[in-house]
Amino acid sequence: MTERAPLSRKLSAIAESATLKVDAKAKALKADGKAIISYAAGEPDFATPQFIVDAAAEALADPASYRYTPAPGLPALREAIAAKTLRDSGLEVSPSQVIVTNGGKQSVYQAFQAVVNPGDEVLLPAPYWTTYPEAIRLADGTPVEVFAGADQEYKVTVEQLEAARTARTTALVFVSPSNPTGSVYTAEETRAIGEWALEHGIWIISDEIYQNLTYEGVTATSIVEAVPEVAGQTILVNGVAKTYAMTGWRVGWMVGPADAIKIAGNLQSHLTSNVNNVAQKAAIAALNGPQTEAEQFREAFDRRRRLIVSELSKIEGLVVPNPLGAFYVYPDVQGLLGRTWGGVTPTTSLELADLILEQAEVAVVPGEAFGPSGYIRMSYALGDDQLLEGVQRLQRLFS
């Protein structure tokens, strides 16, 4: 009998999401009775604002919600997204330049599918969100890491990008505020990168999912606002998940030039068709409704940010850059490696994360998920009491 044909080599090479893997392990241990405190998931702990839930409930009662709707999204939602893009990114677009997707991840996937050809190189500033390199490979591209450490506040320079550019470079990933580091590029830094990309005809995939979560008076300047001319070669990725505590609703979007959006829309028409209508109508309410609770969420994140940075900085051997956006802190833990803690001597951040989980019952994501070893990501999107208790466990472990 002939053996079964093999599975897809492309998909077999794709790794599971490291952040979701750590979070799942933490939840499994918690279900077994362990007192796990998890900083792994990038998910607000707040309930979705009630007026958004009410809009969804109203949509459930509308038979029109039960039917197919346009694959690129409900017209009213595309209009709301266009308005938000002008308001927060400084770019005026037609609703026809918007595609509503099943969360931001689908937008990321489709953006790379739209602009990357086999053999193309995509410059990927590191540390990076774990999904980017896999999405690039799924588009038959090659991710080229460009690393910036804590000494650079995890922000790459034009000089580094130029050193990594080759004749095969066709795209750049730009993320500000950053997951996993919380770093925010200044307007001047953003402008310099945008002008460099414009000069060399390089596509920009700009992930703006955290643009409304900034602190200390900082603003996340969109690259299309800093350099308006680059809009013709930029795809913006965004969504309601982080700002409105709507991670489970799965509504994201992509905004870009008409030709890129056209082919991405063709892909989505075969891939998923429309996002579920109830969630789309909830997203309309989120974008068009009062922003009071979203601002309260941001203020709570800011309070937690200041607390976690202050407490982590008390641990000798940690370097803790001050994150000005998103809801992550990304300590440099190289000062803890090669030393013995509780009878164990970790030499990588992966080994350190295992040690922390086993001995302190605290879940963190190791730097290997986002680039080089020597770092850990901690989300402060969890309750204040748990946030403090978890860091105090680390203080005791590394005392």
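Me: Is Arg-304 buried or exposed?
Reply: Arg-304 counts as buried, because its relative accessibility is 4%, and the cut-off for buried is under 20%. Keep in mind that this is a predicted model.

Me: Which side chain does Arg-304 meet in a salt bridge?
Reply: That's Asp-45, with 2.8 Å from N to O. Asp-45 sits in the loop between β1 (37–38) and α3 (50–60), while Arg-304 belongs to helix α12 (residues 292–312). The two are 259 residues apart, so the pair links distant parts of the chain.

Me: And Asp-45, how accessible is that one?
Reply: Asp-45 counts as partly exposed, at 37% relative accessibility.

Me: Why would two side chains like that pair up at all?
Reply: Side chains of opposite charge can pair when their charged atoms come close.

Me: Which residues are linked with Arg-304 in a network of salt bridges?
Reply: The network links Arg-304 with Asp-45, Arg-303 and Asp-384.

Me: How many salt bridges does the structure hold?
Reply: It holds 19. Another one of them joins Asp-62 and Lys-281, whose closest N and O atoms are 3.4 Å apart. Asp-62 lies in the loop between α3 and α4 (75–89) and Lys-281 in helix α11 (residues 277–288), so this pair ties together parts 219 residues apart in sequence.

Me: How accessible are those two?
Reply: Asp-62 counts as partly exposed at 31% relative accessibility. Lys-281 is partly exposed too, with a relative accessible area of 21%.

Me: What does Lys-314 form a salt bridge with?
Reply: Its partner is Glu-311, and the closest N and O atoms are 3.0 Å apart. Lys-314 counts as exposed, at 56% relative accessibility, whereas Glu-311 counts as buried at 11%.

Me: OK, new topic. How many helices and strands are in the chain?
Reply: The chain has 14 helices and 12 strands. Seven strands form an open sheet, in the order β2-β8-β7-β6-β5-β3-β4, with mixed pairing.

Me: Which are the edge strands?
Reply: Those are β2 (98–101) and β4 (142–147), each pairing on one side only. On average, neighbouring strands of the sheet are turned by 20° against each other, ignoring direction.

Me: In what sense do β3 and β5 pair?
Reply: They pair in the parallel sense, over three bridges. β3 covers residues 121–126 and β5 covers residues 169–175. Val-122 has Ala-171 in β5 as its bridge partner.

Me: Which strands does helix α10 touch?
Reply: Helix α10 (residues 258–271) packs on the sheet and touches β2, β6 (203–207), β7 (234–239) and β8 (252–255). Its direction makes about 30° with that of β2.

Me: Now zoom out. What radius of gyration does the chain have?
Reply: The chain has 21 Å, which agrees with a compact globule of 399 residues, since that would come out near 21 Å. Along its principal axes, the C-alpha trace spans about 65 × 60 × 55 Å.

Me: What share of the residues is buried?
Reply: Buried residues make up 56% of the 399. As for the surface, the chain exposes about 16,800 Å², with carbon and sulfur atoms supplying 52% of that.

Me: Last one: how much of the contacts comes from residues 24 or more positions apart?
Reply: They account for 73% of the contacts in the chain with a separation of 6 or more.

Note on methods
Residues are numbered from 1 along each chain as its sequence is written. This is a predicted model: local features need pLDDT of at least 70, side-chain atom pairs count only at pLDDT 80 or more; totals for chains, interfaces and linings use all residues. Side-chain values use heavy atoms; hydrogens and water are left out. Two strands pair if DSSP finds at least two bridges between them. Helices (H or I, at least four residues) and strands (E, at least two) are DSSP runs, numbered from the N terminus. Axes are lines fitted to C-alpha atoms, for helices over the stretch in contact, and angles run from 0 to 180 degrees between N-to-C directions. Contact means heavy atoms within 4.5 Å. The radius of gyration is taken over C-alpha atoms; the globule rule is 2.2 Å times the number of residues to the power 0.38. Buried means under 20% relative accessible area, exposed over 50%, partly exposed in between (1.4 Å probe, protein chains only). Accessible areas come from the Shrake-Rupley method with a 1.4 Å probe; for residues, only the protein chains shown count as cover. A salt bridge is a side-chain nitrogen of Lys or Arg within 4 Å of a carboxyl oxygen of Asp or Glu.
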